[in-house]
Amino acid sequence: MLSSTSLAGQVSQIVSAEDDPTLPALTFRFWVIGIGLAVFGSVLSEIYFWKPQGTTVSSLFQLIVSYVLGNAMHRTMPSTGFWRHLNPGPFNIKEHTCITVMASTASLTASSVGIIATLDLFYGINLHPVSAIFQTFASQLIGYGFAGVLRNLLVWPTHALYPNQLPSISLLQSMHLGGLLNHRKMKYFWIVFTAIFCWEIVPTWMFPLLTAVSAVCIIDNGRSSFVRNLFGAGSSNEGLGLLSFAFDWTLITQASPLFWPLQTQVSAWVGLSFCYILMMVSYYKDAFQGYSRGLPFMSSSLFTGNGSTYNQTSILDAQYQLDMQKYAVVGPPYMATTFAVSQLAGYASMGAAFSHIILWHWMELWAAFKDFNFLKTNQDFDDVHFQKMKAYKEVPQWWYCVLFGVSLALAIGTAYADVNLLPWWSIIMFTAIAFIVAVVLSFIYAVTGFQLCTCSVLVQIVAAYIHPQQPIRNMYAKLYGYNTGYQTLYMVADLKLGQYAKVPPRSTFVAQLSGAIIGAIFNYILYKSIVGVHREDLQNPIGTRLWSGWNAQQINSAAITWGALARELYAPGKIYFQLPLGHLYGFLAPFPLYFMHRLYPSQRIWSYLNMPVILTYVGWLPYSVNGAWWPGFVIGLASQWWARTRRPKWYTMYNYLTSAALDGGSSIIYFILNFAVFGAGGNIISFPYWWGNPDPSISSVDRCKASGG
């Protein structure tokens with residue numbers, strides 16, 4: 001990981017301070033393209049939430065497509081008379097950035113919708129649509145209120161670099177200030193876009209064996225469970241995917257091979273290598289009793305002691321609290337071994353992230369905190385981009401305070417609208433915790449580019465003590481105590497992008513607010529449609545090749561284990577006592593690398609490896625489908641090592657453009673196929689079974705033994 005000092009030096013080379021204050025931002029083109037891409041992104045992100053693939057909507061694709069559409073509107077619309085108000089000159093960087101911000105904000109799946117869906121699927125609770133949507137607004141916009149209040153610390157100063165935003169601002173400024181996408185590059189973009197658009201129909205629908213080509217599975221032909229567990233990767237919760245190659249970009253893009261720096265990818269590959277060994281040894285050595293009790297090899301659901309699905313409603317009373325008498329009859333739930341081990345690794349990665357930041361970035365942290373009080377307003381910063389932004393009216397702090405106050409009031413009101421989800425004082429308390437989470441996570445992300453995403457369990461531990469034996473309240477404590485704070489991370493990053501692009505702050509405010517509202521509405525609409533049609537598949541602990549409720553199952557599993565049964569499962573002497581200790585194990589893990597680096601500073605490997613990333617990927621594979629990582633390994637080496645070092649000109653001109661074209665073409669055809677043939681709109685049109693599309697009751701699509709068999 002690069003230090004923020006070295007990155008700060010790169011900012012002046014990558015980000016231009018050039019600005020034209022006369023350029024409009026909230027144009028007619030902004031509203032048309034922004035709303036269109038926001039709707040598209042929010043619909044697609046909700047579809048992805050219910051897919052076995054852990055895919056997200058590409059912001060790079062949205063950036064490129066909005067550029068193409070913006071220029072097309074400029075060329076085709078009249079620009080005289082009344083039309084000059086709708087087409088005010090060439091498509092410019094300010095409206096382009098606002099479109100990107102609106103679309104990317106809408107494309108983040110709202111955490112509240114995931115909880116609402118979990119209540120629907122596993123508790124039989126259906127919140128009123130108005131209550132559900134306003135609850136989603138509230139949880140999203142509380143984080144936005146945090147973001148505005150924290151601009152002094154997380155947006156305006158020079159130390160708030162946001163390394164992950166540098167590729168976006170570099171591409172934006174190149175498009176508008178340097179004419180990067182000339183005719184030749186646009187031709188290349190559309191060739192790749194069209195090719196992947198046409199190709200994706202083949203592996204996703206007609207020939208799904210291409211989503212996970214495994215020579216071992218083909219030779220085994222569905223005979224061995226061991227082969228499936230280690231080499232299978234074609235269906236939801238099938239196997240770890242060793243030596244499995246996907247030819248489906250919607251899967252390969254999960255590995256980010258064209259975007260992640262080689263250093264990050266190497267640490268991920270090291271973690272995945274350990275993952276194959278650890279998961280297989282743990283399962284067959286009966287860690288956490290998964291093997292002996294007949295639990296599936298992979299699943300994020302909970303099970304009874306005999307391997308059947310655990311019905312959590314059978315241990316809850318009418319108020320959805322733990323009933324100890326019922327629990328004594330039903331017994332404790334059990335996790336699949338691989339799921340438990342992955343939880344242990346996830347907790348360890350969080351602990352490692354804190355110590356990693358302290359060991360490797362303490363100078364940056366100290367420099368940021370020692371000289372100013374970030375809670376003060378009206379500060380001045382010796383930052384060229386901040387100084388340029390003085391040409392525009394700033395968003396007053398009271399705007400954000402009012403937004404926060406209204407959102408908090410909505411959160412409290414909707415908590416009492418249908419079911420008593422969380423008492424008012426608890427929402428306020430966990431919102432205060434979320435503010436601390438927002439400061440810590442966003443500051444680390446701003447300075448170092450490192451993204452912590454596993455500290456939600458700490459909030460759930462606190463909730464387990466405050467609301468013992470109450471799983472639904474534990475879910476909502478996590479929503480308001482963690483998810484709202486984590487939402488801040490993305491909000492402040494977009495505010496920084498606006499500062500880099502010299503977008504008027506009030507225009508960025510409108511773009512983010514509009515994107516959050518559009519995203520909440522369409523997330524909810526799609527959730528109702530998908531759950532209404534595919535309820536049984538989403539409740540199934542294994543899922544299918546096309547639909548899986550693993551995200552909702554994770555939410556539910558955490559709520560039951562931490563919310564209802566924390567003392568029964570995690571107390572000393574209990575079966576899962578070791579899991580929360582992962583935080584301690586992880587915290588200690590970076591120290592050997594750091595000490596070896598101090599002893600042998602010339603040996604680069606000790607500073608090159610990133611322990612939090614390694615530990616994250618040690619627990620990464622027991623979810624979803626796993627055909628992405630081996631083609632990702634090949635493409636990552638080709639892009640980030642061979643092309644970057646041997647073909648630097650091609651890499652600079654076409655690498656990110658290739659990624660955008662592949663993401664764009666595959667996203668659009670996948671969107672179409674989901675409604676045309678996969679049943680997102682209600683009707684499923686299955687392709688006839690043949691060798692490359694086997695009957696799932698007989699074998700998985702990669703010819704390994706069917707999951708659950």
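Analyst: Here is a walk through the disulfide and the cysteines.

This is a predicted model, where local features need pLDDT of at least 70, side-chain atom pairs count only at pLDDT 80 or more, and totals for chains, interfaces and linings use all residues. Residues are numbered from 1 along each chain as its sequence is written, and side-chain values use heavy atoms, with hydrogens and water left out.

Start with the link. A search of the whole structure finds 1 disulfide (a pair of cysteine sulfur atoms within 2.5 Å). The partners are C217 and C704, with an S to S distance of 1.9 Å. The two residues sit in distant parts of the chain, 487 residues apart. C217 belongs to helix α11, residues 215–220. C704 lies in the segment after α30, which spans 648–676. Helices here are DSSP runs of H or I with at least four residues, numbered from the N terminus.

Now the geometry. The angle about the S-S bond is -75°, and the link of C217 and C704 is left-handed.

Next comes cover. Buried means under 20% relative accessible area, exposed means over 50%, and partly exposed is in between, using a 1.4 Å probe and protein chains only.

C275 has a relative accessible area of 0%, so it is buried. C401 is at 44% relative accessibility, so it counts as partly exposed.
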